[in-house]
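Colleague: Please walk me through this one, feature by feature. Start with how to read accessibility.

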Amino acid sequence: MNKLELKKQISEKTELSETDSEQFIDIFIKAVIKALKEGDTISLVGFGSFSLNKRSARTGRNPQTGETLQISEKMVPTFKAGKKLKDSCNS
């Protein structure tokens with residue numbers, strides 16, 4: 001499912017127009033990004049949680065030249081599925 005399909009499904013199941021549904025999706029995404037940038041964790045009980053994890057610096061290799069290079073430390077977003085989501089995928 002892509003954003004267009006999600007927008008249509010939200011519009012069909014609610015009284016929102018497709019434009020309002022798209023705005024809702026955009027606002028949700030921006031809110032998650034803002035919260036993660038501020039160091040918060042977003043928990044949606046039953047669905048899952050979004051958080052940031054630190055990926056340590058490491059040595060990598062350029063696959064074309066074989067040359068080694070240093071990959072810097074960075075923060076990466078992660079999603080951990082909640083019990084309700086996991087259970088619904090296995091039933």
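Predicted model: local features only at pLDDT ≥ 70, side-chain atom pairs only at ≥ 80, totals over all residues.

**Reading the model**

Modeller: Take E22: its relative accessible area is 33%, so this residue is partly exposed. Residues are numbered from 1 along each chain as its sequence is written, and side-chain values use heavy atoms, with hydrogens and water left out.

Colleague: Is K7 buried or exposed?

Modeller: Buried, at 14% relative accessibility.

Colleague: Which residues meet in other salt bridges?

Modeller: E38 and K34 meet through their side chains, N to O 3.5 Å. E38 counts as exposed at 51%, and K34 counts as exposed at 52%. D87 and K83 also form a salt bridge, at 2.8 Å N to O. Both lie in helix α3 (residues 83-89), four residues apart, about one turn of the helix. K83 is exposed at 62% relative accessibility, whereas D87 is partly exposed at 42%.

Colleague: Now α2. How do I check its length?

Modeller: Compare its span with the expected value, which is 1.5 Å times one less than the number of residues. α2 has 20 residues and reaches 29 Å from first to last C-alpha, close to the 28 Å expected.

Colleague: Which residues of α2 are buried?

Modeller: S21, I25, V32, A35 and L36. Seen down the axis of α2, these buried residues fall within an arc of 105 degrees, so they line one face of the helix. The arc is taken from the directions between the helix axis and the C-beta atoms. On the other side, T19, I27, K30, K34 and K37 are exposed.

Colleague: What covers the buried residues of α2?

Modeller: The cover includes α1, β1, β2 and β5. Zoom in on S21, at 0% relative accessible area. Beyond its neighbours within four places in sequence, S21 is in contact (heavy atoms within 4.5 Å) with K7, I10, S11 and L16.

Colleague: And what follows α2?

Modeller: G39, with a positive phi near 90 degrees.

Colleague: Next, the sheets. What is the general idea?

Modeller: Strands of a sheet pair through backbone hydrogen bonds, either parallel or antiparallel. The working rule is that two strands pair if DSSP finds at least two bridges between them. Here, three strands form an open sheet in the order β1-β2-β5, with antiparallel pairing. β1 (42-44) and β5 (74-81) stand at the edges with a single partner strand each, so one side of each has no neighbour in the sheet. From one strand to the next, the twist averages 30 degrees. Three bridges join β1 to β2 (residues 48-55), and L44 has G48 as its bridge partner in β2.

Colleague: Where does α2 lie relative to these strands?

Modeller: Helix α2 (residues 18-37) lies across β1, β2 and β5, at about 40 degrees to β2. Axes are lines fitted to C-alpha atoms, for helices over the stretch in contact, and angles run from 0 to 180 degrees between N-to-C directions.

Colleague: How many residues sit between β3 and β4 in their hairpin?

Modeller: Six, and G66 in the turn has a positive phi of about 80 degrees. Four bridges pair β3 with β4 (residues 68-71) in the antiparallel sense. R61 stands opposite T68 in β4. T59 belongs to β3 (residues 58-61) and is exposed at 57%. T59 and L69 are ten residues apart along the chain, yet their C-alpha atoms are separated by 5.8 Å. Neighbours within four places aside, T59 is in contact with T68, L69 and Q70.

How values were computed
Helix = DSSP H or I, 4+ residues; strand = E, 2+ residues; numbered from the N terminus. Buried < 20%, exposed > 50% of the residue type's maximum accessible area, 1.4 Å probe, protein only. Salt bridge = Lys/Arg side-chain N within 4 Å of Asp/Glu carboxyl O.
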